[in-house]
Structure formats: structure tokens, C-alpha cells
Amino acid sequence: MTENVNWFPKHMKDSEDLLKKNLKAVNIVFEVLDARAPLSSKDMNIDRIIGQKAKIVILNKCDLSSDDGNKQWVSFFNKGDTETALVSAVTGDGLKNITNLARKVITKAGIKSKSIRVMVAGIPNVGKSTLINCMAGKKKARAANKPGVTRAKQWIDAKSQFELLDTPGILRPREDKETVLNLAFIGTINDDVLDVGTLASDLIEKLVGIVPEELCARFKIDINDKTPLEILETIAAKRGCLMKGGMVDYIRVSGIVLSEFRKGRLGKITLEYPAC
Ligand SMILES: Nc1nc2c(ncn2[C@@H]2O[C@H](COP(=O)(O)OP(=O)(O)OP(=O)(O)O)[C@@H](O)[C@H]2O)c(=O)[nH]1
Ligand SMILES: [Mg+2]
């Protein structure tokens, strides 16, 4: 499944050049990560690109990640001396904290600017444009539930305190299978290039390991002694995803499982935890 991913090297280089070129124009970088999988969704080259520029980490989509996971990840990043804000750009939770942290970090860096110029960076679909809209109080940046929506940079004024620079997400090739799967589960890799049946079955395997009760409760199924594929087929029968002759419509049922997970219908789920 993971071999089919096209990582678009040309876009990657253009987006990286855009970050480098605009770095001089900003006071601080907001590195946006997905709170459900903070390490998988981190661009490992970002710190090299931004160098000594002030930065805060924003763990976005905290309305979809578990409370325990949120607590552990904030403590993990704080231990590494990185100011970290837990946020939901959809509910607005944690937004005030961003203002306070950004002020604290730029003051520490010796910058005395009334209006803070911010570069918002991160991999595709982590919610950069939605966060900007939430801070601006208006829908000024285009956002949608698929990767690669923002194609160019865009400056947005946010209520006189911030000027926010939206940037396209950069997704570099990943070797680690677990990381690629997490990225696919959270919708960073376009489903069109993936085998959704295998992806849904991989997601079920993961959910059986971390939230088996929620999986059973949501789909009203028994998962005892079943393989992930058998569980997918059981869900298909429950949700009427059968074709003529009782054949399972794998594409439809896989779409349901992936979409319900991504919308948080299976509960607040963190896919990875920091190593102790
Ligand atoms: N539940 C939830 N959904 C969110 C949150 N933030 C963003 N989203 C959703 O995530 C999807 C992607 O959001 P975008 O703002 O377009 O993401 P982006 O990082 O700008 O993506 P690119 O422009 O492709 O790099 C949209 O469907 C948003 O509604 C959040 O905090 N919680
Ligand atoms: Mg965007």
C-alpha cells in the first residue's frame, strides 16, 4: 500500500524555497502538527529550514485526540524547551494561549513589535489555513478536508495583533511504515493514490490495539477472534455495504470506516504516544 504514494518532489522543493525566502519577513514560525500523531506529522527538516527563528509548536485538532495523549505530548514538547499550544481550530479551544505564547517567545528573542508577523508551516491537511481563519475571525484562507489545498503563500491580517502567512504543506518521502500509515489515517496522503481497502483494514488493526471497545460500540459488532479483514466485512454487513449476491462492497465500507475515524465518530483517539 505504502509503495504507491507519490511524494511530489517538485512541489516539495518549491514549497521549501518559499519558506526560506519568506523567513526574513516574519518574527516567528507556528509549526502546526496534528495532535493525533504529532511525530508522524512533523516535517523533520523544518528546524533546519527555520534555523534560529523563534518558533512555537501548535498541536492542532485536539478535539479529535485523546485527553491523555494531549497531556503527554504537551509535556513531551515542553521538556524539549519548545513552547507548545494545544488547539482546535474548529472549536477555537486553546486559541488565547497561542497569543500569550507567541508574545512570550518573541519577547524572549528580543523583538519589540506590536504586530507579530507569523509564518504558519506544516505538512498538508494539519489545519494551517483553518487555524489562520480562526485567528482572523473570518474565512480568508481556503481550507478543505484534503491535502494540497493551499498552493501559494498568502498574508492574512488577524485582528491587528498578528499578520499570518499561510504556506502550502510540505510532505517529504517517509520510509517508516508506521509513520506512512498514520499520515494516511489522518488524511495527509490523498486517498486517491491509496488502496482504501488495505488502508481501512490497517486502521482497524490499529484501533483493535488501542480502542477496541469504542470500535465495537460504534459499529455494534463483536470483534473477538476476528482478523481486521473479517471485522471490516462484519461492519459491511451491519452498514448495508453488500452488493448483489452478498459480495462485500469493500470500497464503500472502507470509506465509512476511514471517514468515521477522521470525523471523530469513534471517539477522541491518539494514534501514537511519546516514548517514555
Ligand atoms: N476536527 C478538526 N478539524 C480540523 C481542525 N483544523 C482543521 N480541521 C479540518 O482539517 C481539514 C484541513 O484543514 P486545512 O486548514 O485546509 O489544512 P491545511 O494545513 O491548510 O492543508 P493544506 O493547505 O493542504 O496544506 C479541513 O477539513 C478542516 O476543517 C481542528 O482543529 N479540528
Ligand atoms: Mg492550507
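## Contacts and overall form

Of the contacts in the chain between residues at least 6 apart in sequence, 68% join residues at least 24 apart. The model is predicted. Its secondary structure consists of ten helices and six strands. The radius of gyration is 20 Å, close to the 19 Å that the globule rule gives for 276 residues, so the chain is as compact as a globular protein of that length.

Taken along the principal axes, the box filled by the C-alpha atoms is roughly 70 × 40 × 35 Å. Buried residues make up 37% of the 276 in the chain.

## The sheet

The six strands form an open sheet with mixed pairing, in the order β3-β2-β1-β4-β6-β5. At its edges are β3 (84-86) and β5 (154-158), each of which pairs on one side only. Direction ignored, neighbouring strands are turned by 25 degrees against each other on average.

Strands of a sheet pair through backbone hydrogen bonds, in either the parallel or the antiparallel sense. For β5 and β6 (residues 162-166) the sense is antiparallel, and the pairing runs over five bridges. Within this pair, I156 stands opposite L164 in β6.

## Helices on the sheet

## Helix α6 and its partners

Helix α6 spans residues 177-185, and its buried residues are V180, L181, N182, L183, A184 and F185. These buried residues pack against two other helices, α7 (196-210) and α10 (250-262). Just after α6 comes G187, with a positive phi of about 85 degrees.

An α-helix has 3.6 residues a turn, so residues three or four places apart point the same way. In α6 the buried residues include V180 and L183, as well as L181 and A184.

Most residues other than glycine have a negative phi. N125 has a positive phi, near 70 degrees. N125 lies in the loop between β4 (116-121) and α5 (128-136). The residue counts as buried because N125 has 28 C-beta neighbours inside 10 Å, where the cut-off for a buried residue is 20 or more.

D225 also takes a positive phi, near 60 degrees. Its place is the loop between α8 (212-219) and α9 (228-238). D225 is exposed, because 6 other C-beta atoms lie within 10 Å and the limit for an exposed residue is 12 or fewer.

## Surroundings of ligand 1

Ligand 1 is surrounded by 24 residues, of which G127, A143, N145, T150 and G169 are the closest. Helix α5 gives the largest share of this shell, three residues.

By class, the shell around ligand 1 has eleven polar, ten nonpolar and three charged residues.

Methods: Residues numbered from 1 in each chain as written. Chains lettered and ligands numbered in written order. Predicted model: local features only at pLDDT ≥ 70, side-chain atom pairs only at ≥ 80, totals over all residues. Helix = DSSP H or I, 4+ residues; strand = E, 2+ residues; numbered from the N terminus. Rg over C-alpha atoms; globule rule 2.2 N^0.38 Å. Contact = placed C-beta atoms within 7 Å. Pairing = 2+ DSSP bridges. Axes fitted to C-alpha atoms, helices over the stretch in contact; angles between N-to-C directions. Near = placed C-beta within 6 Å. Nonpolar A, V, L, I, M, F, W, Y, C, P; charged D, E, K, R; others polar.
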